[in-house]
Amino acid sequence: MSVTTDIKSLLPHRDPFLFVDEIISCDDNGSVSEHTFTENEFFFKGHFPEYPVVPGVILCETMAQAGGAALSYQKKFEEGALFFFATLDKVKFRNQVRPGDKVRMEITNLRVSPKMIKQSGKAYVGDVLCAEAEWMCLVGKAN
């Protein structure tokens with residue numbers, strides 16, 4: 001049972017760069033979200049045509065979007081807030097994510113303030129850990 005599938009109301013991202021399908025759970029400590037990468041993703045045409053794999057940077061983006069969407073759902077920021085990567089640390093890619101894989105993002109909130117988010121996350125396909133990272137995002141608004 002999901003908390004919400006209305007991700008477009010929580011994030012400014014749009015197709016082809018929206019990588020969260022639903023938030024499963026969230027609280028002050030963190031969140032769990034999911035996204036299924038379909039064979040139609042724009043990057044599979046070039047990464048790699050003979051053996052499509054989700055790029056690692058997209059997995060990092062997916063985790064950060066999941067964390068930001070959950071915080072937006074909990075109304076931790078003003079409506080219309082934008083989140084910009086400031087740092088990306090301790091990144092490890094452990095297993096490939098392929099077309100058709102449903103990725104579960106488990107996000108931990110390390111620090112949340114009105115101007116900054118620090119989170120860590122792990123991306124799984126089933127029980128297999130595929131990627132993990134820590135990141136910081138600056139919170140801003142479109143001018």
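Modeller: Let us begin with K75, which counts as exposed because its relative accessibility is 70%, where exposed means over 50% relative accessible area, buried under 20%, and partly exposed in between, with a 1.4 Å probe and protein chains only. The model is a predicted one, in which local features need pLDDT of at least 70 and side-chain atom pairs count only at pLDDT 80 or more, while totals for chains, interfaces and linings use all residues. Residues are numbered from 1 along each chain as its sequence is written, and side-chain values use heavy atoms, with hydrogens and water left out.

K75 sits in the loop between helix 1 (56-73) and strand 3 (82-93), the helices (H or I, at least four residues) and strands (E, at least two) being DSSP runs numbered from the N terminus. Its phi is near 60°, a positive value in a residue other than glycine. Most residues other than glycine have a negative phi, and most peptide bonds are trans. K90 also has a positive phi, of about 50°, although it is not a glycine, but the place of K90 is in strand 3. With a relative accessible area of 58%, K90 is exposed.

The bond from D15 to P16 is cis, with omega near 10°, and P16 is found in the segment before strand 1. The other cis peptide bond joins H47 and F48, with omega about -5°, and F48 lies in the loop between strand 2 and helix 1.

K115 belongs to the loop between strand 4 and strand 5 and is exposed, its relative accessible area being 65%. Not counting residues up to four places away in sequence, K115 touches C137, L138 and V139, a contact meaning heavy atoms within 4.5 Å.

Strand 5 (residues 116-125) holds S120, which counts as buried at 16% relative accessibility. Leaving aside its neighbours within four places in sequence, S120 is in contact with E106, I107, T108, L110, A133, E134 and W135.

A142 is found in the segment after strand 6 (128-140) and is exposed, with a relative accessible area of 63%. Although A142 and L82 are 60 residues apart along the chain, their C-alpha atoms are separated by 7.2 Å.

Strand 2 (residues 30-36) shows how neighbouring strands are joined. Strand 2 is mostly covered, five of its seven residues being buried. On one hand, strand 1 (residues 22-27) and strand 2 pair in the antiparallel sense over five bridges, where two strands pair if DSSP finds at least two bridges between them. These two strands form a hairpin with two residues between them; D27 has G30 of strand 2 as its bridge partner, and S25 has V32. On the other hand, seven bridges join strand 2 to strand 4 (residues 102-113), and these run antiparallel, with E34 standing opposite R104 in strand 4. In a regular strand the side chains alternate between the two faces of the sheet.

Finally, the whole chain gives the setting. Its secondary structure comes to one helix and six strands, which follow the pattern β-β-α-β-β-β-β when read along the sequence. Of its 143 residues, 45% count as buried, and among contacts between residues at least 6 apart in sequence, 60% join residues at least 24 apart. The C-alpha trace spans about 45 × 30 × 25 Å along its principal axes. A compact globule of 143 residues would have a radius of gyration near 15 Å, and the chain agrees with this at 14 Å; the radius is taken over C-alpha atoms, and the globule rule is 2.2 Å times the number of residues to the power 0.38.
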